[in-house]
Structure formats: C-alpha cells, structure tokens
Amino acid sequence: MKMSWLKGGRAMLWLAGAAVAVAGLLSLGTGGEGTASREERRIAEVLQAMAGVGRVEVALFYADGDQTPTGAVVVAQGAEDMGVKLSLIRAVRTLLNLPETAVDVFAMEGER
C-alpha cells in the first residue's frame, strides 16, 4: 500500500491536527465542567473514603474575583454522627486551608 499522504509534510500536518483535537477534548474535561466542579468532585471522593461518611456532596464558595475557596458546604450520609461531622470539618479545613467557621456540614436528607 502506497502512502502518498506522507509525502511533502502532510503527515506532520495530520499529526499536528490530531494533537490539537486531542488537546481540545482534554481541555473540555468532563462535559466542560469548570475547575470548581472538578475540585468539588475530588474533595467529595476524598471525604467518601473516610470511615462512616458514606455518600457526599460538596459545594465550594468563592469571593468575587477570588481564585481560592472562601467557604464550603458538605452534605454527607454519616454526618448525623458527631464524630463523623467533626472529622469532615477537619478534613475540609485541611484540604482548603479554611477557618472552622467557613465550613458547614449537614446530614444528607433521608439518612436519619
């Protein structure tokens, strides 16, 4: 099979085009979600790995124009247990370098 498309630098153009397409798809992440969504999802994964926590949802809050979170809300299945709740607060404070007053943790609805 003759590969005439390889002549004259066409192969490099094809490779460059493919690389641009792949880079574009990777930059979209998962459906074009923003950095905050990826960060929230990653924090939720870490928290769910903790003993007694169960399923977790995380919401981060940012001050206008600020790049770092200024607050967090965590909703978790195991948060009705005071020990689990305190562990969640401590973990989020550590992960995001937030004061205790900037982190709120609540029990997940229907998990009582």
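A nonpolar core is a set of buried Ala, Val, Leu, Ile, Met, Phe, Trp, Tyr and Cys residues joined through side-chain atoms within 4.5 Å. The legends below refer to a predicted model.

**View 1. Overall chain of the predicted model.** The protein chain contains three helices and three strands, and these follow one another along the sequence in the pattern α-α-β-β-α-β.

**View 2. The largest nonpolar core, with 21 residues.** Leu 47, Val 56, Val 58, Val 74 and Leu 88 are the residues with the most contacts inside this core. At least two core residues come from each of helix 2 (35-48), strand 1 (56-62), strand 2 (69-76), helix 3 (82-96) and strand 3 (103-107), and helix 3 gives the most, with six residues.

**View 3. The surroundings of Val 58.** When neighbours within four places in sequence are left aside, Val 58 is in contact with Glu 40, Ile 43, Ala 44 and Leu 47, and also with Val 73 and Val 74.

**View 4. Gln 48 in helix 2.** Gln 48 counts as partly exposed because its relative accessibility of 35% falls between the limits of 20% for buried and 50% for exposed. Not counting residues up to four places away in sequence, Gln 48 touches Val 53, Gly 54, Arg 55 and Val 56, and a polar atom of the Gln 48 side chain lies 3.0 Å from the backbone nitrogen of Val 56. Although Gln 48 and Leu 88 are 40 residues apart along the chain, their C-alpha atoms are separated by 9.6 Å.

Note on methods:
Residues are numbered from 1 along each chain as its sequence is written. This is a predicted model: local features need pLDDT of at least 70, side-chain atom pairs count only at pLDDT 80 or more; totals for chains, interfaces and linings use all residues. Side-chain values use heavy atoms; hydrogens and water are left out. Buried means under 20% relative accessible area, exposed over 50%, partly exposed in between (1.4 Å probe, protein chains only). Helices (H or I, at least four residues) and strands (E, at least two) are DSSP runs, numbered from the N terminus. Contact means heavy atoms within 4.5 Å. A polar contact is a pair of N or O atoms within 3.5 Å; within protein, one must be able to donate a hydrogen and the other to accept it, and residues adjacent in sequence count only if both atoms are side-chain atoms.
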